[in-house]
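Reader: I've got this model open on my screen and I'd like to walk through it with you. Can we go chain by chain?

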Amino acid sequence: MTKDNFNCPTCLKMENVSLLAQKAIFGINNKNIRKINLVWLELTGCSGNIISLLNGSKPGFKKLILNMTNFVYDNSLMAAEGEAAMEKLFNIIGSDYILAVEGAVSTKDNGLYNIIGRWKGEPVTAYRAITELGESASYVIAVGTCASDGGISAANPNPAQCVGIDRILQKKIIKLPGCPCHPDWFIGTLAHIMLFGEPQLDQRNRPLMFYSTLIHDICPRRPFFNNGIFASKLGEPACMFKIGCRGPVTRTDCPIRKWNQEVNWPIGDDTPCIGCAMLGFPDQMEPFISYDTI
Amino acid sequence: MNDSIISMITNSINSMEKTIDDLIYVKDSNTKRKLINRLKNQVSNIKLMATELQTLSSTINLQMGMDNPQRLSRTELEKYTGKDSMPAYIAVDNVIYDVSNVSAWGGATHFGLSAGQDVTAQFNSCHGGQSILQKLPIVGEVAND
Amino acid sequence: MTQFKEMKHTKRIVINPVTRISGFMEIEATIERNIVVDVKTKGLLFRGFEKMLQGRSPFDAVYFTERICGICSTAHAMASTLALEAALNINVSSQGRYLRDIIHACEFLQNHIRHFYQYTLPDYVRLPNGSPVLATTHHDFRLTKPRNDLLVQHYFDSLDISRSGHEMLAVLGGKAPHNHGIFLGGITTQATPEKIIILRSLLKKISQFIDNKMIPDAYLIAEYYQEYFELGKGYANLLSFGCFDGYDELGTLYVNPLTYCQGEITRLDADDITESINTSWYIDQKENYEPFSTIPEPYLEKSEAYSWVKAPRYKGLPYEVGPLARMWLCGAYRNGISSMDRTLARVLEAKKITQIINTLLDNIILEVGFQEEFTLPQYTSGVGLIDTTRGALGHWLKIEDRLISFYQIITPTAWNLSTRTADNLPGPGEKALIGSQIDDVNNPIEIGRIIRAFDPCVSCATHIYSKGELIQSIHVIP
C-alpha cells in the first residue's frame with residue numbers, strides 16, 4: 001500500500017480542498033478557466049469570517065488574491081477608501097462576479113442600523129448593498145451563520161431586526177454556516193464553482209462535501225457516549241453529552257478538518273460543540289454549558 | 001406475535017381434550033400408549049409456548065419501565081428536567097419517554113426545549129412522520145390532571 | 001476620493017467607508033485652508049448585544065460576547081470570564097492565569113501583525129498590480145523602489161505569521177476566531193508537553209518575524225513620514241485597565257491599571273468611569289451615567305447625534321487607550337504621543353508580548369486541570385476589566401434568578417472613537433484629527449492614516465446593556 005492507493009475516506013476528505021484549489025489555480029495558469037471576480041461584502045456581523053479566511057492555508061491568502069481570484073472588494077482589507085472603494089463595489093455590477101457575504105442584514109429603520117458606505121451622497125445600508133449586489137451576481141455565497149440563517153446578529157430579541165440574506169434575495173444562495181466559517185469550506189466551495197459549477201447541496205443549500213455528517217457520528221469521543229462515560233465538567237477527556245454538546249445535531253466536518261491548520265478543535269479542547277453552524281444558533285443551541293445533568 | 005402464540009396454545013388444548021376423550025373409550029393397550037404419548041407431546045408444546053410468552057412479556061415490561069409503567073401528571077412531569085438527580089423525561093401524544101441518554105438531548109435540552117415538558121406540538125411540527133419515537137425508551141403515560 | 005462641499009475656503013469631506021478597520025466608520029471633516037477644524041468620527045453598526053444577553057445562562061456569556069468582534073473575540077472572552085469569576089467569587093490559580101493569558105497574548109500577536117501589514121501598510125506602501133483589492137488612488141508613496149518592494153514582500157510574508165498567531169491561540173483555545181478555551185477557572189484544557197513544544201516553535205517563528213521584519217519596517221516608514229510624529233497628538237490622556245499584571249509570583253509583566261494626565265501617572269480608580277450619550281443615537285433619562293446604573297435605548301431620531309459609539313469618560317475627561325497608552329504607562333515607550341508613535345508602540349508591544357509569552361511558558365506546570373462544576377448564586381454581580389488588543393475593555397454584569405439580568409460593555413474603541421459630551425469635548429480620535437494639515441483636500445490621505453493608528457474596531461463599539469438599577473458593584477482589577 002502506497003500513498004497513491006491509500007483510500008482512507010478521512011484522509012481523502014482532508015485533501016479535497018487543497019486538490020480543488022490547486023486544480024483551479026492550475027486551470028487559470030493554463031488559461032482553461034477564468035479568474036473570477038470576487039466581491040466580499042461584510043454586513044451586520046462581527047467581520048470574523050474574513051479573519052477566518054486569512055487563516056486559510058489551502059491556499060493562503062496571497063495565492064487566493066493573486067493567483068486564484070480577482071478580489072475586488074472587502075471593507076477590512078482593501079487599499080482604497082471612501083468613494084473610491086464604493087466605486088469598485090458599484091462598478092462591478094454588470095460584470096461577472098461571485099458575491100461572498102458575511103454578516104446578517106439589519107432591516108430595522110430601513111437598514112440604517114448598519115451603514116457600510118456612502119455613494120454619491122447617499123448612505124449605503126447593508127440592506128441596499130445586498131439587494132443591489134445580490135441579484136446580479138453569478139453566485140451568492142453566504143459565509144458564516146449570520147449570513148446563512150441570521151446567527152447571533154439575529155439573536156432574540158433581535159434589536160436590529162437582522163435576517164439571513166436568503167430572506168432578502170430571491171436568488172439561490174449557497175450557505176456556508178459556521179461561526180466563523182472555516183476557511184477551507186469557503187475556498188473549497190469557491191474552487192468547485194470555478195471548476196465544475198455549483199457543488200452538490202443539501203436541502204438547506206449547504207455543500208454536501210462539508211456539511212453532510214453529524215459531528216456525533218464522526219466524533220473520536222463517540223465510544224465514550226456509547227458506553228455511557230460522560231464528563232460532568234469541562235476539561236475531561238470523556239463525552240460531553242451531559243454538559244450539553246451539540247455534536248449530535250450539528251453537521252460539519254470539524255472532527256476531521258479541525259481548525260487552524262488542524263491544530264485543535266472545540267471538542268479536542270475539552271469543551272462541547274455549541275452548534276455554531278446550525279440553524280437556530282445561538283438561541284436554540286443554548287445553554288452552551290450545562291452542569292448537574294444526570 | 002402474542003396472538004399467534006395464544007391461538008397455538010388454544011389449538012393444543014383443544015387437541016388435548018380430544019385425546020383425553022379418545023383415551024376414555026379405547027380398550028386396546030397399544031392404542032392407549034400411543035394416545036398417552038400424544039398427550040405428553042401436547043403438554044410439551046404448551047410448556048414451550050408458555051416460555052415464549054414469558055420472554056415476550058418481560059421485553060415489553062422493560063420498555064414499559066420495569067414492570068411498572070409510570071403514570072405522571074403534567075405537573076409531576078415538570079420535575080423530570082434531567083437536573084437535580086432527576087432523569088430527563090418528555091411527553092409526546094400522552095406517552096412519556098426517557099431522553100436522559102438520547103444524543104439529540106445534550107444537557108437535557110433540545111433546540112431550545114427543556115426536558116420535563118409535553119413537546120407534542122413541537123415534535124409533530126418538526127419530526128412528524130419520522131420513526132424517532134420507536135427508538136426511545138418509554139417510561140409510561142401522561143395522567144391527565 | 002471623497003466628496004466635498006466648497007464654501008469659501010471651507011470644505012466638508014466625508015470618508016465612508018473608512019476601510020482597513022474592523023467594522024463600519026464614517027469620518028466627516030471640515031477643512032479650512034488645509035487644516036481640519038472640526039471632525040466627527042461615526043460608528044455605523046448597532047446590533048444590541050445587551051438585550052440579547054438578558055435572560056441567558058451566565059456561563060454562555062463567555063462564548064456569546066466573543067461574537068461581538070471577529071478580530072478581537074478573545075478580548076471579550078477574557079472580560080466576560082473575569083466578570084463571571086468576580087460574580088461567582090472564584091479564585092483563579094496562577095497556573096490558570098498564565099495559560100489563559102497566553103491565549104490572550106496570541107490574539108495580540110495576530111492582531112498587531114495584521115494591523116500593521118494589512119491595515120496600515122497600504123497607506124504608505126504601493127502594493128502590486130496583481131489584485132484590484134490592493135489598488136489605491138493616492139500617490140503619496142515616498143519609499144524608494146527597493147524599500148517599497150521589500151515591504152510589499154513582507155506584507156505577503158506576514159500572512160503566514162499572523163495566521164500562526166491564531167494557530168498558537170488554537171493550541172490552547174480550540175479554534176480561532178471565537179475560541180473555546182478561555183473559561184472560568186483559567187482554561188478548559190490542560191498544558192501537555194506536545195502543546196508547549198508547538199507553542200514555543202510557533203512563538204519563535206513569530207518573534208523572529210517581529211524582530212527582523214516588522215519593527216524595522218515600522219521604523220522605516222517613520223523615517224519617510226516624519227510629520228506623523230506631529231500629527232494626531234490628541235489629548236495625551238492615557239488609560240489602562242492593566243494586563244499581564246499582578247501575578248502572585250511573577251508580579252506585573254506588562255502594565256498595571258494606571259492613568260496618565262497632564263504629565264502625572266496615577267492608579268486607576270474604576271469608580272470614576274462614566275459614560276455619556278449626548279451625541280450618540282440613544283435615549284435615556286440620564287445622559288451621563290455610571291456603568292452599572294442604566295442602559296439607554298437605541299434612538300435614531302436624536303437630532304444632535306451622529307454615531308452609535310457612546311462617550312466613556314474617566315473623571316469626566318476623554319482618555320486614549322491602546323498599545324501606546326500601555327507602553328507609555330509602564331515606561332517602555334516615551335518617545336511621544338502622536339499618530340506615528342501609536343503605530344510604533346503597537347509593533348514594539350508585539351515584541352513585548354512575545355517576551356511575556358516566553359516568561360509565562362517558562363512557568364507552566366504541565367497537566368494541571370482548572371475546571372469545576374461551577375454553580376450560580378441566585379443574585380450576584382461582577383465586573384471584568386482588562387486591557388486588551390485595542391485598549392481598555394470592561395464588562396459589567398448582574399445575575400438574577402441565576403440568569404443574566406444586566407450586561408454593560410465599554411470597549412476600547414468606545415474610548416478612542418468616543419462621541420462628544422455636553423461640554424463639547426471631542427473624543428480622542430476626533431481630537432487627534434482636529435488641527436491636522438491636509439496637503440491635498442481632494443485626497444485627504446492624512447485622515448485615514450491618523451485614525452487607523454488607533455486600530456478602530458467599530459463592531460466592538462456596540463454596547464451591551466439592559467435596564468437595571470444602581471447596585472453595589474464588585475470591581476475586579478486583574
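Reader: Let's begin with chain B: in which sense do β2(B) and strand β6 (residues 117–118) of chain B pair?

Author: Some ground rules: this is a predicted model, where local features need pLDDT of at least 70, side-chain atom pairs count only at pLDDT 80 or more, and totals for chains, interfaces and linings use all residues. Residues are numbered from 1 along each chain as its sequence is written, and chains are lettered from A and ligands numbered from 1 in the order in which they are written. Strands (E, at least two residues) and helices (H or I, at least four) are DSSP runs numbered from the N terminus, and two strands pair if DSSP finds at least two bridges between them. With B:A91 bridged to B:D118 and two bridges in total, the sense for β2(B) and β6(B) is parallel.

Reader: And in which sense does strand β2 (residues 89–92) of chain B pair with strand β3 (residues 95–98) of chain B?

Author: Here B:V92 has B:V95 as its bridge partner in β3(B). Over four bridges, the sense for β2(B) and β3(B) is antiparallel.

Reader: Which residue in the hairpin of β2(B) and β3(B) takes a positive phi?

Author: Two residues sit between the strands of that hairpin. The one with a positive phi, near 50 degrees, is B:D93.

Reader: Is helix α4 (residues 120–127) of chain B buried away or largely in the open?

Author: A residue is buried if 20 or more other C-beta atoms lie within 10 Å of its own, exposed if 12 or fewer, and partly exposed in between, with C-beta atoms placed from the backbone. Just after α4(B), by the way, B:G129 has a positive phi of about 95 degrees. Of the eight residues in the helix, the number buried is zero, so α4(B) lies largely in the open.

Reader: How far apart are the C-alpha centres of domain 1 and domain 2 of chain B?

Author: The bounds come from an automatic or database domain assignment, which gives domain 1 as 2–63 and domain 2 as 70–142. Between their C-alpha centres the distance is 44 Å.

Reader: On to chain C: why call it as compact as a globular protein of that length?

Author: Chain C has eleven helices and 17 strands. The radius of gyration is taken over C-alpha atoms, and the globule rule is 2.2 Å times the number of residues to the power 0.38. For 478 residues the rule gives 23 Å, so chain C counts as that compact because its own value is close to this, at 22 Å.

Reader: What percentage of chain C counts as buried?

Author: The C-alpha trace spans about 65 × 55 × 40 Å along its principal axes. Out of 478 residues in chain C, the buried share is 62%.

Reader: Which two chains share the most contacts?

Author: Two residues are in contact if their C-beta atoms, placed from the backbone, lie within 7 Å. Chains B and C do not touch, with their nearest C-alpha atoms 12 Å apart, while 19 residues of chain A contact 16 residues of chain B. Of the two pairs in contact, the one that shares the most is chains A and C.

Reader: Which element of chain C gives the most to the side that touches chain A?

Author: That contact takes 76 residues from chain C and 73 from chain A. The elements of chain C giving two or more residues include β2 and α1 (49–53). Top of the list, with ten residues, is α5(C).

Reader: Which residues does C:T10 touch, not counting those up to four places away in sequence?

Author: C:T10 sits in strand β2 (residues 10–15) of chain C and is partly exposed, with 14 other C-beta atoms within 10 Å. The residues it touches are C:T30 and C:E32.

Reader: Is C:N89 buried or exposed?

Author: C:N89 lies in the loop between α3 (73–88) and α4 (94–120) of chain C, and its phi is near 60 degrees, a positive value in a residue other than glycine. With 10 other C-beta atoms within 10 Å, C:N89 is exposed.

Reader: Last one: what kind of peptide bond joins A:N156 and A:P157?

Author: A:P157 lies in the loop between α6 (145–149) and β8 (162–163) of chain A. Omega is about 0 degrees, and the bond between A:N156 and A:P157 is cis.
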